[in-house]
Amino acid sequence: VQWVPERLRSNIPNSEFDQYPLPVARVAVLCSGGVDSSVALLRLAAEGGHELRAFYLKIWLEDELAFLGSCPWEEDLEALRGGCGLLEIPLEIVPLQREYLDTVVAYALAELRAGRTPSPDVMCNRMIKFGAFVERLGTEWELVASGHHARVGRRGGLARLLTAADRRKDQTYFLSQLDQDQLRRCLFPIGDLTKAEVRQAARHAGLPNAERPDSQGLCFLGRVPFTDFVRCHLGERPGEIRDLASGATLGEHRGTWFYTIGQRQGLGLAGGPWFVVGKDCDRDRLLVVHAERLGEWSRSGFLMPRPHWIAEAPARAELRVKLRHGEHSAPCTVAPAAAGGLLVELGEEADPGIAPGQFAVLYDGEECLGGGVMAWAEEEAPATRFGGPG
């Protein structure tokens, strides 16, 4: 593995956190067939001394719902086998179809039925990649590595989840529900690299997936469109689309579970733009407002009923929050809520896309502290402000 540029062989760069040393170890490397996980494997091989094995997690949906669209697992394995062969690292396929079905998929469908917005990729990392898979490994493999854009540090004797060098690709949002036992065994070998540097390393090594596009969409869907997945499991249940401001019926939807708070596309309404601001699931109504009045229904805060802290609860109230995956975070303050949990108040402008069920993730500088699902106070729910049962 002499193809790796020398500067790309270094471990995580210095920060205010003491870094875990990387001892010679038996390392299980989660590989998807994408360039990130392949370069993570490459980088560990370049370190030398480790006993490495690549593991590909085969999930249930890729077979059972293949009729909905082409599923890329054969293509994944072709790319992965090429890289493992080049690096002379063994590859093992791990079937976790039942575990996916019973946890991540069941969770997603239950949230959709309840009118909430699930975050399957967050639960996938917690329950499958660093949950069921690690349980299956047992203690035979000391560390588990993946191609996530994130870093692990240590302070005060606790493992800390740190943001990646490439803020546009940072994936700590999706890792925010890991606990100490999980994070202590984690390695994220590309966390200090930009995406451009990852591809550079792959090209130097001659990896067959060096130019392969990044995967898009939810973890368990592959190339299956999300709406097709939802329709297959929940069907369609048409209902009214109502203007929350005037009470006028504007059209018909196919089922409230196809839509999320803040959504603009796919409503099929004239005279827009229109935005989804609520759901009245008891009456199968989708509640919208025109863009001109969107500010009236935006929220400057939300409840987090059951916050999860990766290491410990923050010592200060002024933090930053990500309401969805992406580079953007906003200043916020956190305080105990009257009903338990946390009250999170945004420090800048209100947000029209705060969706119950979706995760909000809290940060203190470069440390991802954890987070939890967002909820509205009952009096804030648009269905209760509609003006009666009509």
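Predicted model: local features only at pLDDT ≥ 70, side-chain atom pairs only at ≥ 80, totals over all residues.
In which hand does α1 pass α7?

The protein has eight helices and 19 strands, and of its 390 residues 53% count as buried. If we take the contacts with a separation of 6 or more, residues 24 or more positions apart account for 68% of them.

Now to the opening question: α1 passes α7 in a left-handed crossing. The axes of helix α1, which covers residues 35–47, and of α7 come within 9 Å and cross at roughly 65°. On the α1 side the contact is made by Val35, Asp36, Val39 and Leu42, while α7 contributes Lys195, Val198, Arg199, Ala201, Ala202 and Ala205. Sorted by class, that contact has seven nonpolar residues, three charged ones and no polar ones.

One of those α7 residues, Arg199, deserves a separate word. Arg199 lies in helix α7, residues 195–205, and Arg199 counts as buried because its relative accessible area of 14% falls under the 20% cut-off. Leaving aside residues up to four places away in sequence, Arg199 touches Val35, and also Asn209, Ala210, Glu211, Arg212, Pro213 and Asp214.

The second pair is α4 with α5. The axes of helix α4, residues 97–113, and of α5 come within 10 Å and cross at roughly 165°; since angles over 145 degrees count as roughly antiparallel, the two helices are therefore roughly antiparallel to each other. Here α4 passes α5 in a right-handed crossing. From α4 the contact involves Glu99, Tyr100, Thr103, Val104, Tyr107 and Ala108, and from α5 it involves Pro120, Met123, Cys124, Met127, Ile128, Ala132 and Arg136. The residues of this contact divide into 10 nonpolar, one polar and two charged.

Where does helix α5 kink? The kink, of about 30°, is centred on Gly131, within a helix that runs over residues 120–137. Helix α5 is also mostly covered, with 13 of its 18 residues buried. Just after α5 comes another glycine, Gly138, which takes a positive phi of about 65°.

Definitions and conventions
Residues numbered from 1 in each chain as written. Heavy atoms only, no water. Bend = angle between axes of the 7 residues up to and from the residue. Helix = DSSP H or I, 4+ residues; strand = E, 2+ residues; numbered from the N terminus. Buried < 20%, exposed > 50% of the residue type's maximum accessible area, 1.4 Å probe, protein only. Axes fitted to C-alpha atoms, helices over the stretch in contact; angles between N-to-C directions. Parallel < 35°, antiparallel > 145°, perpendicular 65-115°, else oblique. Left-handed = near helix turned anticlockwise from the far one by under 90°. Contact = heavy atoms within 4.5 Å. Nonpolar A, V, L, I, M, F, W, Y, C, P; charged D, E, K, R; others polar.
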